[in-house]
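Here is a friendly walk through the model that follows. Keep the viewer open as you read, and click on each residue when it comes up.

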Amino acid sequence: MWGSVLLMALAGLLIGGGISFHQQKKPRWVSICFYVLAGMSLLAAYLLTLGN
């Protein structure tokens with residue numbers, strides 16, 4: 001339970017970082033990496049809840 005909550009919180013932070021880097025006009029691949037990592041974190045949280 002707590003693991004999935006922490007992973008969802010991590011995903012929120014990563015999405016915020018991606019938006020921040022996009023607003024700072026950083027290279028596009030940096031924002032995309034943050035979004036991909038956030039998606040992977042949400043997927044891990046979902047898969048962790050399936051185990052219980």
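Ser 41 is in contact with Leu 7, Leu 10 and Ala 11, leaving aside its neighbours within four places in sequence; contact here means heavy atoms within 4.5 Å. Ser 41 itself is found in helix 2. Helices (H or I, at least four residues) are DSSP runs, numbered from the N terminus. With a relative accessible area of 5%, Ser 41 is buried. As for the cut-offs, buried means under 20% relative accessible area, exposed over 50%, and partly exposed in between, with a 1.4 Å probe and protein chains only.

A word on where these values come from: this is a predicted model, in which local features need pLDDT of at least 70 and side-chain atom pairs count only at pLDDT 80 or more, while totals for chains, interfaces and linings use all residues. Residues are numbered from 1 along each chain as its sequence is written, and side-chain values use heavy atoms, with hydrogens and water left out.

**How the two helices meet**

Two packed helices are described by the angle between their axes and the distance between the axes. Helix 1 covers residues 2-23, and helix 2 covers residues 28-50. Their axes come within 8 Å and cross at roughly 165°. The axes are lines fitted to C-alpha atoms, for helices over the stretch in contact, and angles run from 0 to 180 degrees between N-to-C directions. Helix 1 and helix 2 are therefore roughly antiparallel to each other; angles over 145 degrees count as roughly antiparallel, under 35 as roughly parallel, 65 to 115 as roughly perpendicular and the rest as oblique.

Helix 1 passes helix 2 in a left-handed crossing, a term used if the near helix is turned anticlockwise from the far one by less than a right angle. By class, this contact of helix 1 with helix 2 has 17 nonpolar, 8 polar and no charged residues. Ala, Val, Leu, Ile, Met, Phe, Trp, Tyr, Cys and Pro count as nonpolar, Asp, Glu, Lys and Arg as charged, and the others, Gly among them, as polar.

Is Ser 31 buried or exposed? Ser 31 is buried, at a relative accessible area of 4%, and lies in helix 2. Its side chain reaches the backbone nitrogen of His 22 at 3.4 Å. Apart from neighbours within four places in sequence, Ser 31 is in contact with Gly 18, Phe 21 and His 22.

Ser 4 has its place in helix 1 and is buried, with a relative accessible area of 4%. Not counting residues up to four places away in sequence, Ser 4 touches Ala 45, Leu 48 and Thr 49.

**Pairs across the sequence**

The table pairs residues by their C-alpha atoms.

| Pair | Apart in sequence | C-alpha to C-alpha |
|---|---|---|
| Ser 4 and Thr 49 | 45 residues | 6.8 Å |
| Gly 16 and Tyr 35 | 19 residues | 9.2 Å |
| Leu 13 and Phe 34 | 21 residues | 9.3 Å |
| Trp 2 and Ala 45 | 43 residues | 9.7 Å |

Leu 13 lies in helix 1 and counts as exposed at 65% relative accessibility. Trp 2 has its place in helix 1 and, at 67% relative accessibility, counts as exposed. Gly 16 lies in helix 1 and counts as partly exposed, at 37% relative accessibility.

**The loop**

Which residue has a positive phi although it is not a glycine? Lys 25 does, with a phi of about 60°. Lys 25 sits in the loop between helix 1 and helix 2, and is exposed, with a relative accessible area of 72%.

Technical notes: Helices (H or I, at least four residues) and strands (E, at least two) are DSSP runs, numbered from the N terminus. A polar contact is a pair of N or O atoms within 3.5 Å; within protein, one must be able to donate a hydrogen and the other to accept it, and residues adjacent in sequence count only if both atoms are side-chain atoms.
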